[in-house]
Amino acid sequence: MSVANCIFCEIISGKSPANFYHKNEKFVVFENNLHWYKLQLLLVPVRHMTQNEMWSSDDLIKDLCLFANEVGQRECPEGYRIFSNFGDHGMQSQPHGHLQILGGTHLGLYVNGRPPSSPYKDIQR
Ligand SMILES: [Zn+2]
């Protein structure tokens, strides 16, 4: 099932271009067109679903995580990061669920590092 105005559904259906790294019946993997990092891949379920639906799935999230880790081990032996963004505070930019994998360089603390003036820096967790 694809959803109108979803860029990931358009990529999966071939209506929009992408540089694919992998395809199978459950998910596709393609380069993030931001190209901020040497390795910046998106792992996207073929069926349109939300982040929460993807993360609440049984086998699909396991398959996505296993594949992301395999890619990281193979492509980024010095380290990598696997994550998803959720909602506005998480800066989720696409409604179609997905994992991201970054690597190929030192990634710093989180993505941009903790800002020195962060109001949260003294909070103990
Ligand atoms: Zn979609």
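Me: In this predicted model, what arrangement do the 4 donor atoms around the zinc ion make?
Reply: The zinc ion is held by C6 (SG), C9 (SG), H48 (ND1) and H96 (ND1), at 2.0 to 2.3 Å. For four tetrahedral donors the ideal angle at a metal is 109.5 degrees. The 4 donor atoms here subtend angles of 104 to 114 degrees, and four donors count as tetrahedral if all angles lie between 85 and 135 degrees, so the arrangement around the zinc ion is tetrahedral.

Me: Is C6 buried or exposed?
Reply: The relative accessibility of C6 is 1%, and a residue counts as buried under 20%, so C6 is buried.

Me: How many disulfides does the count come to?
Reply: A disulfide requires a pair of cysteine sulfur atoms within 2.5 Å. By the distance rule, the count of disulfides comes to 0.

Me: Which residues have the most contacts inside the largest nonpolar core?
Reply: In soluble globular proteins, nonpolar side chains tend to be buried together. In this chain the largest nonpolar core has 16 residues, and those with the most contacts inside it are L43 and L64.

Me: Which element gives the largest share of this core?
Reply: The elements that give two or more residues to the core are β2, β3, α3 (59-75) and β5 (99-103). Of the residues in this core, the largest share is 6, and the element that supplies them is α3.

Me: With which residues is L64 in contact, leaving aside its neighbours within four places in sequence?
Reply: L64 is one of the residues with the most contacts inside the largest nonpolar core. Once its neighbours within four places are set aside, the residues in contact with L64 are F27, L43, P45, M54 and L99.

Me: Where is N32 placed, and what does its side chain reach?
Reply: N32 lies in the loop between β2 (27-31) and β3 (39-45), and it counts as buried because its relative accessibility is 8%. Not counting residues up to four places away in sequence, N32 touches Q40, L41, L42 and Q100. At 2.9 Å, its side chain reaches the backbone nitrogen of L34.

Me: Is M91 buried or exposed?
Reply: M91 is found in the loop between β4 (80-83) and β5, where its phi is near 60 degrees, a positive value in a residue other than glycine. Its relative accessible area is 67%, and exposed means over 50%, so M91 is exposed.

Me: What is phi of N5?
Reply: N5 is found in the segment before α1 (7-13), and its relative accessible area of 77% means that N5 is exposed. N5 is not a glycine, yet its phi is positive, at about 65 degrees.

Me: What pattern does the chain follow along the sequence?
Reply: The secondary structure of the chain comes to 3 helices and 5 strands. Read along the sequence, these elements follow the pattern α-β-β-β-α-α-β-β.

Key. Residues are numbered from 1 along each chain as its sequence is written. This is a predicted model: local features need pLDDT of at least 70, side-chain atom pairs count only at pLDDT 80 or more; totals for chains, interfaces and linings use all residues. Side-chain values use heavy atoms; hydrogens and water are left out. Helices (H or I, at least four residues) and strands (E, at least two) are DSSP runs, numbered from the N terminus. Buried means under 20% relative accessible area, exposed over 50%, partly exposed in between (1.4 Å probe, protein chains only). A polar contact is a pair of N or O atoms within 3.5 Å; within protein, one must be able to donate a hydrogen and the other to accept it, and residues adjacent in sequence count only if both atoms are side-chain atoms. Contact means heavy atoms within 4.5 Å. Donors are N, O and S atoms within 2.8 Å of the metal (3.2 Å for Na, K and Ca); water is not among the atoms, so sites may look incomplete. Four donors count as tetrahedral if all angles lie between 85 and 135 degrees; four count as square planar and six as octahedral if opposite donors are over 155 degrees apart and all others between 65 and 115; anything else is irregular. A nonpolar core is a set of buried Ala, Val, Leu, Ile, Met, Phe, Trp, Tyr and Cys residues joined through side-chain atoms within 4.5 Å.
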